[in-house]
There are 2 protein chains.
Amino acid sequence: MQTTAAAVTALIEEFAKLPGIGPKTAQRLTFFLLRSPADQTRRLADAIIRMKEQVITCSTCFNITETDPCPICASPQRDHGLICVVEEPLDVLAIEKTDTFRGVYHVLNGALSPMEGIGPKDLRIAELVARVQHSSGEVREVILATNPNYEGDYTAAYIAPLLRPLNVTLTRLARGLPLGGDLEYADEGTLSRALEGRRAFEG
Amino acid sequence: MQTTAAAVTALIEEFAKLPGIGPKTAQRLTFFLLRSPADQTRRLADAIIRMKEQVITCSTCFNITETDPCPICASPQRDHGLICVVEEPLDVLAIEKTDTFRGVYHVLNGALSPMEGIGPKDLRIAELVARVQHSSGEVREVILATNPNYEGDYTAAYIAPLLRPLNVTLTRLARGLPLGGDLEYADEGTLSRALEGRRAFEG
């Protein structure tokens, strides 16, 4: 016997397809919405639909945007000679939150991963090389800000030789102890990088 | 500068309003949907809208349903002389999953909580008493299956004297060690209830 409303079961199933949402959480979310005012629930549904309709990819940097070029690529206040190469739009969000970077971005749309079958053709690598090439010398520096893990390092190592002949400075984000971190609990990799990258004490 | 698409920010904010979803999880869910096929995303939005449109409350047991009376109340296969009183529709779902209960339900819509200002008028208590009264003796037993916590016990204790004059057996769910539990890690309350409720060994 179908003992729960089919529409409730359907929503539980849809929620459970989202990453990190198990069946129990999906149930909890569904029953929360069931008790919520109709207009709040409608706002969530509308926000999902609108996002899919309005969000496009910037044809210059491949970040998500509602206008092409995106506000960062279109801004004269940003330094277009400094490109920060990241894996995902979420990385752009994270860097923008620091409010310290005034350059522009290039979103690769992932990292090279032979294990998962993600090759150079799946990423915006050719577009990055073309972008630097066609800037007629405007691009001075490319920060290869892929993730500090195997795939990210591999991707940076793959891109570097393609850009080097174009006469740009290539950099990578500093590695070391995270702020507020505890030396005692740092993993060996992080600690050895922190030692390697030690800087003169200015105090 | 607005550096992320407004529609993305809007959806992150809507997700973050859900219980147990922090800003980081809201971001992750939003970017997951951004990468998902449009029809999967549309299904989630539709499921939310449909649930709010189609789900009503059964006028007999006050469980959520798409038909009134609900399939359980309408079923001749269920024992209408045995009513299981629970706090929430989720409790019905949990009991139905055990596939051992053949009676019907009564959903109170919460538990009495003087701290949160939830009184008898906020719950479907009067409706429960009327339901038993008007059954002309058909209801034999009422299981007061409110939660095994302070509010649940208080609610059961409040309802019991209202039903007792109506000549029905009143029961409460057994308390004891959970299946697969470990005596060593059981809290004192659970352990003392398990001792109190010990039963003859049939083995």
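Visitor: Which residues does R35(B) touch, not counting those up to four places away in sequence?

Guide: R35(B) touches K52(A) and E88(A). Keep in mind that this is a predicted model. R35(B) is found in helix α2 of chain B, residues 23-35.

Visitor: Why is R35(B) called exposed?

Guide: Its relative accessible area is 54%.

Visitor: Let's talk rings. How many aromatic pairs are there over all chains?

Guide: A search of the whole structure finds 4. One of them joins Y150(A) and Y154(A), with 6.2 Å from centre to centre and 5° between the planes.

Visitor: Why is the pair of Y150(A) and Y154(A) called stacked?

Guide: Two checks. Rings pair if their centres lie within 6.5 Å, and here the value is 6.2 Å. Planes under 30 degrees apart count as stacked; these are at 5°, so stacked it is.

Visitor: How far apart are Y150(A) and Y154(A) in helix α7 of chain A?

Guide: They are 4 residues apart in that helix, residues 150-163, which means about one helical turn separates them.

Visitor: Now chain A as a whole. What is its secondary structure?

Guide: Chain A has 8 helices and 6 strands. Along the sequence, the pattern reads α-α-α-β-β-α-β-α-β-α-β-α-β-α.

Visitor: How do you know that chain A is more spread out than a compact globule?

Guide: The globule rule gives 17 Å for 203 residues, while the radius of gyration of chain A is 22 Å. That is well over the rule, so chain A is more spread out than a compact globule. Its C-alpha trace spans about 70 × 45 × 40 Å along the principal axes. Buried residues make up 41% of the 203 in chain A.

Visitor: Which residues does the cis peptide bond of chain A with omega about 0° join?

Guide: D68(A) and P69(A). P69(A) sits in the loop between β2 (64-65) and α4 (71-74) of chain A. In chain B, a cis peptide bond joins D68(B) and P69(B), again with omega about 0°.

Visitor: What is the phi of N167(A)?

Guide: Phi is about 65°, a positive value, although N167(A) is not a glycine. N167(A) is found in the loop between α7 and β6 (169-171) of chain A.

Visitor: And why is N167(A) called exposed?

Guide: Its relative accessibility is 69%. The cut-off is over 50%, so N167(A) counts as exposed.

Conventions: Residues are numbered from 1 along each chain as its sequence is written. Chains are lettered from A and ligands numbered from 1 in the order in which they are written. This is a predicted model: local features need pLDDT of at least 70, side-chain atom pairs count only at pLDDT 80 or more; totals for chains, interfaces and linings use all residues. Side-chain values use heavy atoms; hydrogens and water are left out. Rings of Phe, Tyr and Trp (its six-membered ring) pair if their centres lie within 6.5 Å; planes under 30 degrees apart count as stacked, over 60 as edge-to-face and the rest as tilted. Helices (H or I, at least four residues) and strands (E, at least two) are DSSP runs, numbered from the N terminus. The radius of gyration is taken over C-alpha atoms; the globule rule is 2.2 Å times the number of residues to the power 0.38. Buried means under 20% relative accessible area, exposed over 50%, partly exposed in between (1.4 Å probe, protein chains only). Contact means heavy atoms within 4.5 Å.
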